[in-house]
Amino acid sequence: MGENTIEIRNPCTESEIEAWGLFCGLRGFSHRPGAPDRFLARYKADPKATPSDLLIGYSSDGSIVSSLHLFSRTISLSPHVGGCEINLVGWGDVCCEPELRGKGVMGAVLREGVRRMESTPSREEDGLEGPAPLLAMLHCGPTVEGLYAKFGFSQGLPIPYARLFVGPWPSWAMDEGAPDPLPSQCTPCPTLEHGLSTAIRLVNFASDYEALNALRTEQVERCGVIGWTPRNREYWLQWVNNSCKGRAGVFISQGEIPRVIAYGYVRWRDGAYRVMDWANEKGFSEVSAKAFLQVLCQDAHRSDKSSPPPHHEPQSCNVAIPLPLAVDIFGKDKVTEAVDLCDNGWMVRALGELGNAPMDNLKLAAEASRFIIFQADNF
Ligand SMILES: CC(C)(COP(=O)(O)OP(=O)(O)OC[C@H]1O[C@@H](n2cnc3c(N)ncnc32)[C@H](O)[C@@H]1OP(=O)(O)O)[C@@H](O)C(=O)NCCC(=O)NCCS
């Protein structure tokens, strides 16, 4: 099949959007584990998503042969590197029908994606707010970097994870048949914080939103982190339901008025726990941090039924948060920088002439802080 026989367009109906989601899950990414409807669920959970985000290649018989998801995101730079927010276009869900790979099918869709990004006359026309995007950005593995390089993307900024050593893990923590470690009702946690008893439960967006936001803002300022994705209400909603798949937890101090004093989300991946996100009040004790982490880790492991059983011996834990935050939370001695865990997968592409300005800013920011983190916000 040549690219001339492919029609590239946005989906027109709900059922075409659903067909796109299933195509990605069942065909395009059939080699990756996960629920077939996960692409659709993520699309639906994104408050900014519109059908014009989806560029779909259709063959002459109307079946879907390729997908590109272009979505709008915003990153913020701290005052000493520009102090501005930059809108960007994220690229994701890039895939082609397995039987048609290597025939230029995807290339045609990617070319159309570049054309659309570069010719967007005004965001208002698309019903979008804010200035036009200056950057396109994506996250990929090393085997497809060459593909994106053909479309003007270059390697972005490596983001070092911290490797956190915890343990030994008590074997009871992983016993089968123990109660659900993170119920939506508060469960007492065997630790004292500020002299008060404490409890843990799943995040409830409506009641926890303000506490999550306050904890995050305070921690980012305290640790001098730059380059964070601004977190507005929409972001948090998506974080709770989509990024964390409803499994983020909060740590509560049970005074007369119970108060959320930490939140966290942990994933089990590649044989290690990964703290994807975490914030706590100043003065949060190490004992509490460890108790909270254990509950989150148990939960992470149970939610991923396909994973191999965890070791009960001392475990390392990759922390996908910047090193200063990790040091602040867990203490210097428990955190080491692990260069081998660097995430080199981010690729960026300037859009138009203005694109060079934020690229310079991004590089400055990276040098100043040694990392700049783009939360894996629907990428
Ligand atoms: C990656 C993928 C989308 C490529 O689709 P495809 O239809 O085979 O790509 P095309 O044949 O249209 O290739 C377009 C161009 O990119 C090049 N290319 C394709 N895959 C490449 C790769 N892995 N590395 C370097 N270049 C690549 C092709 O040689 C071609 O170059 P040309 O235009 O100069 O001839 C497809 O293999 C796929 O669906 N893989 C599974 C999903 C996936 O991993 N997606 C990437 C997620 S980040």
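A: Lys 245 sits in the loop that runs between α6 (233–243) and β10 (249–253). This is a predicted model, and the values here are computed from it. The backbone at Lys 245 has a positive phi of about 50°, although the residue is not a glycine. That positive phi comes just after α6. Is Lys 245 buried, exposed or in between? Lys 245 has 15 other C-beta atoms within 10 Å, so it counts as partly exposed. The cut-offs behind that term are 20 or more such atoms for buried and 12 or fewer for exposed.

In α6, Tyr 235, Trp 236, Gln 238, Trp 239, Val 240 and Ser 243 are buried.

Asp 93 is not a glycine either, and it has a positive phi of about 50°. Asp 93, however, is found in strand β4, whereas Lys 245 lies in a loop. What is the burial of Asp 93? With 25 other C-beta atoms within 10 Å, Asp 93 is buried, whereas Lys 245 is partly exposed.

Strand β4 leads on to the ligand. The shell around the ligand is made up of 18 residues, and the closest are Arg 101, Met 106, Gly 107, Cys 140 and Gly 146. Elements that give two or more residues to this shell are β4 (85–96), α3 (105–119) and α4 (145–149). By type, the shell residues divide into 9 nonpolar, 6 polar and 3 charged.

Pro 36 is placed in the loop between α1 (14–28) and α2. Pro 36 has 15 C-beta neighbours inside 10 Å and therefore counts as partly exposed. Pro 36 is in contact with Leu 22, Gly 25 and Leu 26, once its neighbours within four places in sequence are left aside. Of these, Leu 26 is 10 residues from Pro 36 in sequence and 5.6 Å from it in space, C-alpha to C-alpha. In helix α2 (residues 38–45), the buried residues are Phe 39, Arg 42 and Tyr 43. They cover an arc of only 100° around the axis, so they lie on the same side of α2.

Asp 61 lies in the loop between β2 (54–58) and β3 (64–76). Asp 61 has 7 C-beta neighbours inside 10 Å and so counts as exposed. Asp 61 and Ile 6 are 55 residues apart in sequence and 9.7 Å apart in space, C-alpha to C-alpha.

With 21 C-beta neighbours inside 10 Å, Met 347 counts as buried. Met 347 and Met 137 are 210 residues apart in sequence, yet 5.7 Å apart in space, C-alpha to C-alpha.

For the protein as a whole, the secondary structure comes to 9 helices and 15 strands. Of its 379 residues, 38% count as buried. Among contacts between residues at least 6 apart in sequence, 72% join residues at least 24 apart.

How far can the details be read? The mean pLDDT of the protein is 78, and 69% of its residues reach 70 or more. Over residues 370–379, pLDDT stays under 50, and the model has 33 contacts beyond four places in sequence for that stretch. Where pLDDT is low, predicted coordinates should not be read in detail.

Key. Residues numbered from 1 in each chain as written. Predicted model: local features only at pLDDT ≥ 70, side-chain atom pairs only at ≥ 80, totals over all residues. Near = placed C-beta within 6 Å. Helix = DSSP H or I, 4+ residues; strand = E, 2+ residues; numbered from the N terminus. Nonpolar A, V, L, I, M, F, W, Y, C, P; charged D, E, K, R; others polar. Arc of directions from axis to C-beta. Contact = placed C-beta atoms within 7 Å. pLDDT = per-residue confidence, 0-100.
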